[in-house]
Amino acid sequence: MDIQCVNTIDCNQGGIRAVRFNVDGYYCMTCGSDKKIKLWNPYRKLLLKTYGGHGNEVLDACGSCDSSQILSCSSDKSIIVWDVSTGQPLRRLRGHAATVSCVKFNEESSVAISGSLDNTVMCWDLRSRAQTPFQILKEAKDCISSIRVSDHEILVGSVDCSVRRYDLRNGRCDADFVGAAITSATFSRDGQCILVGSADNVVRLLDKDSGELLGEYIGHKIGGLSIESDLMANDNYVLSGSVSGELWCWDLVSTAVKHKFVHNRNKALSSLSVHPKKDVILTASVTTIKLWGNPMDVAEDQQITEND
């Protein structure tokens, strides 16, 4: 894997709680302890917009399918839908009884899905004016740490050591018990597997349908923090942050450690985001984000975004 650090950006927004690519991978959002979201062109180290309106630190964000809106959540218990171009909040959703830890749009960006430290997942219809969620998922016995959404499924990771998959077509909930608090859970790009990062310093690859353990990836330490893991765009490598500030990279099939990229020595690398199509990664540690990739891939995206 031909990857190196291409850009480093000091975001000047306190601790970075999450970094997220937008849907096409040309822009990214950072969520800060300063209560703000910032929109960047990471290829040109260019700050495009700042969104302020939360009453406490922002913990997660995602962009809509057409990049016209941003969804964010905060430890102020609220979710905000933002207009990207004007920077104004379009909707403010309140219903959770505690910190909202993670948010996602559905594929059409018509529904917002939020997970909270109140142990619930809430689904909000963004096309209606309703101020209450149309569905509340209450199966988790502890805090919600992670949400992923596919065309017909919601994947929920919880501190209760279980990852739950809700099949919206059949109204089913399948749960896999992992044995340690879950810090992140995501679908593989081919939709066949689930990657689960947990507090026992193991990242596990599970068969989505049977729950069978297909691989374990070890060596990193997460030190009780909420550290994210993910798969590269073509599912060939497993990635995870670490409390020591390194981005760990394992071969999916052999489970061997292939690379350790240092973001910030001895400062936790807690959040990462993988480009939807290329071997390009964003990592966040303390106040900075780094863009990693093949310099040719990055130069190509830089060229495309020159007109910002």
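**A cysteine, an arginine and the strands**

Guide: Let's begin with Cys 161, which is buried at 17% relative accessibility. Here buried means under 20% relative accessible area, exposed means over 50%, and partly exposed is in between, using a 1.4 Å probe and protein chains only. Before going on, please note that this is a predicted model, where local features need pLDDT of at least 70 and side-chain atom pairs count only at pLDDT 80 or more, while totals for chains, interfaces and linings use all residues. Residues are numbered from 1 along each chain as its sequence is written, and side-chain values use heavy atoms, leaving out hydrogens and water.

What is the closest cysteine sulfur to that of Cys 161? It belongs to Cys 143, and at 12 Å it is too far for a bond. Cys 65 is partly exposed, with a relative accessible area of 42%. Its closest cysteine sulfur is in Cys 62, 10 Å away, which is also too far for a bond.

Now turn to Arg 165, which sits in strand β16, residues 162-167. Strands (E, at least two residues) and helices (H or I, at least four) are DSSP runs numbered from the N terminus. Arg 165 is buried, with a relative accessibility of 7%. A polar atom of its side chain lies 2.8 Å from the backbone oxygen of Lys 208. For a polar contact, the pair of N or O atoms must be within 3.5 Å; within protein, one must be able to donate a hydrogen and the other to accept it, and residues adjacent in sequence count only if both atoms are side-chain atoms. Setting aside neighbours within four places in sequence, the contacts of Arg 165 include Glu 153, Asp 174, Phe 187, Lys 208 and Asp 209. Contact here means heavy atoms within 4.5 Å.

Which strands make up the sheet that holds β16? The order is β14-β15-β16-β17, an open sheet of four strands with antiparallel pairing. Its edge strands, β14 (144-149) and β17 (172-177), each pair on one side only. Neighbouring strands are turned by 15° against each other on average, direction ignored. Such angles are taken between N-to-C directions and run from 0 to 180 degrees, with axes fitted as lines to C-alpha atoms, for helices over the stretch in contact. Two strands count as paired if DSSP finds at least two bridges between them. Strand β15 (residues 153-158) is joined to β16 by five bridges, and Glu 153 stands opposite Asp 167 there. Strands of a sheet pair through backbone hydrogen bonds, either parallel or antiparallel.

For another example of pairing, look at β3 (residues 28-32). All five of its five residues are buried, so it is largely enclosed by the rest of the structure. Cys 28, Thr 30 and Gly 32 point one way, while Met 29 and Cys 31 point the other way. In a regular strand the side chains alternate between the two faces of the sheet. β3 pairs antiparallel with β2 over five bridges, and Ile 16 stands opposite Gly 32. Four bridges join β3 to β4 (residues 36-41), again antiparallel, and Met 29 stands opposite Leu 39. In the three-residue turn of the β3 and β4 hairpin, Lys 35 has a positive phi of about 75°. Most residues other than glycine have a negative phi, and most peptide bonds are trans.

Finally, where do nonpolar side chains gather? The largest nonpolar core has 14 residues, and Leu 282, Ile 289 and Leu 291 touch the most other members. The elements giving two or more residues to this core are β2 (16-21), β27 (280-285) and β28 (288-293). A second, separate core of 13 residues includes Val 103, Phe 105, Met 122 and Leu 126. A nonpolar core is a set of buried Ala, Val, Leu, Ile, Met, Phe, Trp, Tyr and Cys residues joined through side-chain atoms within 4.5 Å. In soluble globular proteins, nonpolar side chains tend to be buried together.

Methods. A disulfide is a pair of cysteine sulfur atoms within 2.5 Å.
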